[in-house]
Amino acid sequence: ITSKVKSSVDLPVFVKLSSNVSDLKDIAKAVEKGGADGIVAINTVKAMKIDLETTRPLLANKTAGYSGKAIKPIGVRCVYDIAQAVKIPLIGVGGITTGEDAIEYFMAGASAVQIGSAVYYRGPEVFNVVCEEIKTWMKDHGYTTITELIGAAFQ
């Protein structure tokens, strides 16, 4: 699929992967082999809510994607695993609400991060706040560039 998309467009192609698979590393390798410019990891995780009063699944589809702060450890683990399997850039996604959350993704191997759910409860200023928190943390810990943080967990 990746190679078909790459041959059809003149834009960078970043493939978003889900943690809801049996072997994320193999899929990441296939995406890289297909010519992807990068990988975005992860998408939402499968979840379900049951209405206690009706005893039925709350959603018509029964399951849905769950996102936000609670999936951050899953996202960090997925980025860590993928970073060991491929050489293309990774964008870490899932539960980033603070600068420290973003730094954790960088240390796991992400070269960029995506913020989504945090906008709902912290507002659009979350982007500037997270950037300032990253700068402060880096200064306090003797780092001068983001690249020093990328993959630091592997050292």
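At 54% relative accessibility, Thr55 counts as exposed, because the cut-off for exposed is over 50%. Keep in mind as you look around that this is a predicted model.

**Two loop residues with positive phi**

- Thr55 sits in the loop between strand E4 (50–51) and strand E5 (56–57).
- Although Thr55 is not a glycine, its phi is positive, at about 60°.
- Lys62 is also not a glycine, and its phi is positive too, at about 75°.
- You can find Lys62 in the loop between E5 and strand E6 (63–66).
- Lys62 has 47% relative accessibility, so it counts as partly exposed.

**A cis peptide bond**

- Look next at Ala41 and Ile42, which are joined by a cis peptide bond with omega of about 15°.
- Ile42 belongs to the loop between strand E2 (38–41) and strand E3 (45–48).

- Gly92 is part of strand E7 (residues 90–93).
- With a relative accessibility of 0%, Gly92 counts as buried, because buried means under 20%.
- Setting aside neighbours within four places in sequence, Gly92 is in contact with Ala41, Val79, Tyr105, Ala110, Ala112, Val113 and Gln114.
- Gly92 and Ile115 are 23 residues apart along the chain, and their C-alpha atoms are separated by 9.1 Å.

**How helices H2 and H3 pack**

- Two packed helices are described by the angle between their axes and the distance between those axes.
- Here, helix H2 (residues 24–33) packs with helix H3 (residues 72–85) at an angle of about 50°, and their axes are 9 Å apart.
- H2 and H3 are therefore oblique to each other.
- Their crossing, that of H2 and H3, is right-handed.
- On the H2 side, the contact is made by Leu24, Lys25, Ala28, Lys29 and Glu32.
- On the H3 side, Cys78, Asp81, Ile82 and Ala85 make the contact.
- Sorted by class, the contact of H2 with H3 has 5 nonpolar and 4 charged residues, and no polar ones.

Technical notes:
Residues are numbered from 1 along each chain as its sequence is written. This is a predicted model: local features need pLDDT of at least 70, side-chain atom pairs count only at pLDDT 80 or more; totals for chains, interfaces and linings use all residues. Side-chain values use heavy atoms; hydrogens and water are left out. Axes are lines fitted to C-alpha atoms, for helices over the stretch in contact, and angles run from 0 to 180 degrees between N-to-C directions. Helices (H or I, at least four residues) and strands (E, at least two) are DSSP runs, numbered from the N terminus. Angles under 35 degrees count as roughly parallel, over 145 as roughly antiparallel, 65 to 115 as roughly perpendicular and the rest as oblique. A crossing is left-handed if the near helix is turned anticlockwise from the far one by less than a right angle, and right-handed if clockwise. Contact means heavy atoms within 4.5 Å. Ala, Val, Leu, Ile, Met, Phe, Trp, Tyr, Cys and Pro count as nonpolar, Asp, Glu, Lys and Arg as charged, and the others, Gly among them, as polar. Buried means under 20% relative accessible area, exposed over 50%, partly exposed in between (1.4 Å probe, protein chains only).
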